[in-house]
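The questions below concern the model shown here.

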Amino acid sequence: MKKITISHLEKLKKQGEKFSCLTAYDATFSEVISEAGVEMILVGDSLGNVIQGQETTVPVTLEDMEYHIACVANASPNCLIMGDLPYMTYSTPEQAYDTAAAIMQAGAQMVKLEGGEWLYATIAGLTERGIPVCAHLGLTPQSVDALGGFKVQGRDDKTASKMLLDAKALQKAGARMLVLECVPSKLAKLISESLSIPVMGIGAGVDVDGQVLVLHDMLGISPFQVKFVRNFMAEANGSIQDAIALYHNEVKEQNFPAEEHSFE
């Protein structure tokens, strides 16, 4: 299997073929995910929750991200590796440039950052400097305190329209990909169809271009399970390798997420 690039994922979108992504934080799981054919690995600041035992992603530092990205990259997976820019490390374009440089030098091939149109100048600047960017709209975990908790976003006309406008602006700024988290399925479908870049969902229904889940969630070993998660390891008779392969195949076949994993 050849190394996956952003160009390959863009080609999949044009062809109408789905792709899958999982989080990973170490070399061992990176290898297992790659061997299953999963196209992307997100080294997410979700490590704060599942690795460090934090209640939110806010305490995760740039040094934490660099360490775990390096661990994943050292396995040389075929997957495209994307790394989160942690909380308050991209408040200005200049700060974002330094943070993104550290993330890329640790081994990522793309960076992800949370926020809407206010990030236009930052994304444009990163793009000009040759750093591929994935934007993140909907439920943005770094802003969970401002959002008032982990809630579905875009359920009324005003916030849905704002999200669509933000998505278009971020694509215009140069974003090469978009993640939608906890967004009603119909809105996610509209946004995906309105953009030329790949749109990846987590709790955003089946009508986007790709799916991402936190590894520990889809293995059923997180302390709690949420609506958009399916326990793939329970279906794979306790085999981690089979669970990851099942997840990848179910995404490809558009069997996941099903209606019960989506929001209206």
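Q: Which side chain meets that of Arg230 in a salt bridge?
A: This is a predicted model. Arg230 is buried, because its relative accessible area of 13% lies under 20%. The N to O distance in the salt bridge is 2.8 Å, and the partner is Glu235.

Q: Are Asp84 and Lys112 buried or exposed?
A: Asp84 forms a salt bridge with Lys112, the closest N and O atoms being 2.8 Å apart. Asp84 belongs to strand E3 and Lys112 to strand E4, so the pair ties together parts that are 28 residues apart in sequence. As for accessibility, both residues are buried.

Q: How far from Lys18 is the nearest side chain of opposite charge?
A: Lys18 sits in the loop between helix H1 (6-15) and strand E1 (19-23). The side chain of Lys18 reaches the backbone oxygen of Val206 at 3.4 Å. Lys18 is buried and has no salt bridge, because a salt bridge needs a nitrogen within 4 Å of a carboxyl oxygen. The nearest side chain of opposite charge is that of Asp209, at 5.2 Å.

Q: In what order do the strands close into a barrel?
A: The barrel has 8 strands and its pairing is parallel; the order is E1-E2-E3-E4-E5-E6-E7-E8. Neighbouring strands of this sheet are turned against each other, direction ignored, by an average of 25°.

Q: What angle does the direction of helix H8 make with that of E5?
A: Strand E5 (residues 133-138) and E6 run parallel and are joined by 5 bridges. Within this pair, Gly138 stands opposite Glu181 in E6. Helix H8 (residues 157-173) packs on the sheet and touches both E5 and E6, and its angle to E5 is about 175°.

Q: What is the C-alpha separation of Val179 and Cys134?
A: Val179 is found in strand E6 (residues 177-181) and counts as buried at 3% relative accessibility. Residues that Val179 touches include Cys134, Ala135 and Met200. Val179 and Cys134 are 45 residues apart along the chain, and their C-alpha atoms are separated by 7.1 Å.

Q: What is the phi of Ser76?
A: Ser76 is in the loop between helix H4 (62-73) and E3. At 57% relative accessibility, Ser76 counts as exposed. Although Ser76 is not a glycine, its phi is positive, at about 50°.

Q: What is the omega of the peptide bond that joins Phe256 and Pro257?
A: Pro257 lies in the segment after helix H12 (240-252). The peptide bond between Phe256 and Pro257 is cis, with an omega of about 0°.

Technical notes
Residues numbered from 1 in each chain as written. Predicted model: local features only at pLDDT ≥ 70, side-chain atom pairs only at ≥ 80, totals over all residues. Heavy atoms only, no water. Helix = DSSP H or I, 4+ residues; strand = E, 2+ residues; numbered from the N terminus. Buried < 20%, exposed > 50% of the residue type's maximum accessible area, 1.4 Å probe, protein only. Lys, Arg positive; Asp, Glu negative; His and termini not counted. Polar contact = N/O pair within 3.5 Å; in protein donor to acceptor, adjacent residues only side chain to side chain. Contact = heavy atoms within 4.5 Å. Pairing = 2+ DSSP bridges. Axes fitted to C-alpha atoms, helices over the stretch in contact; angles between N-to-C directions. Lists of a residue's contacts leave out its neighbours within four places in sequence.
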